[in-house]
Amino acid sequence: LCLLQRQATDTFIIILMVGYSISIILLDLQAHVGVGTPAWPYFVLVTDFLLVLEHKVSVTKSAVVTCIVWLFVLMVEDAFRFGLYDIEGTPDREDRIKVCDCETPPCAKGFALSFSAFLLQLLVFIVDFICTRGFAAAVLSEKNRILASIETANRIAVSRS
């Protein structure tokens, strides 16, 4: 029964994280089109959540790869404007004038600026991932130590009875 509950919880978490990741991508795309606040940093929460819950490594890796690929796609779109932002539509005329002075905002930023922004975003994401992974590993180790102590104390109590 406990194993069945764990599998159901794992399935629920996977579905939740996939839905959350898709939502982040769509919100981030909308933010880039309308020059809003980027949503990609929420991927940090997804990976932190998976690390702290001691979830399957493959699911955590999938979340990390999804974030990195998304950041890369944004970098290419920001640099060369291949049309990803056009899927969402274009902002109103007044908003376009505020953003930049090109025919179809948001305007291409060029490779150097886009690549440096990509590297900075990647640095933030990876540093957080490494720190949280270390924290999660330390918490798991401490939890296992406490469980082993409780089990030992229980064995001693039972043997004295």
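**Exercise 1.** Which side chain of opposite charge is nearest to Asp 48, and how far away is it?

The model is predicted, so local features need pLDDT of at least 70 and side-chain atom pairs pLDDT 80 or more, while totals for chains, interfaces and linings use all residues. Residues are numbered from 1 along each chain as its sequence is written, and side-chain values use heavy atoms, without hydrogens and water.

*Solution.* 
1. Asp 48 is buried (under 20% relative accessible area with a 1.4 Å probe, protein chains only; exposed is over 50%, partly exposed in between).
2. The nearest side chain of opposite charge is Arg 133, 10 Å away (Lys and Arg count as positive, Asp and Glu as negative; His and the chain ends are not counted).
3. Asp 48 has no salt bridge (a side-chain nitrogen of Lys or Arg within 4 Å of a carboxyl oxygen of Asp or Glu).

**Exercise 2.** State how far helix H3 reaches, and list its buried residues.

*Solution.* 
1. H3 covers residues 57-80, which is 24 residues.
2. From first C-alpha to last, H3 reaches 34 Å, close to the expected 34 Å (1.5 Å times one less than the number of residues).
3. Buried residues of H3 include Val 59, Ala 63, Trp 70, Leu 74, Glu 77 and Asp 78.
4. After H3 comes Arg 81, with a positive phi near 50°.

**Exercise 3.** Why does Thr 37 count as exposed?

*Solution.* 
1. Thr 37 lies in the loop between helix H1 (2-33) and H2.
2. Thr 37 counts as exposed because its relative accessibility is 70%.

Note on methods
Helices (H or I, at least four residues) and strands (E, at least two) are DSSP runs, numbered from the N terminus.
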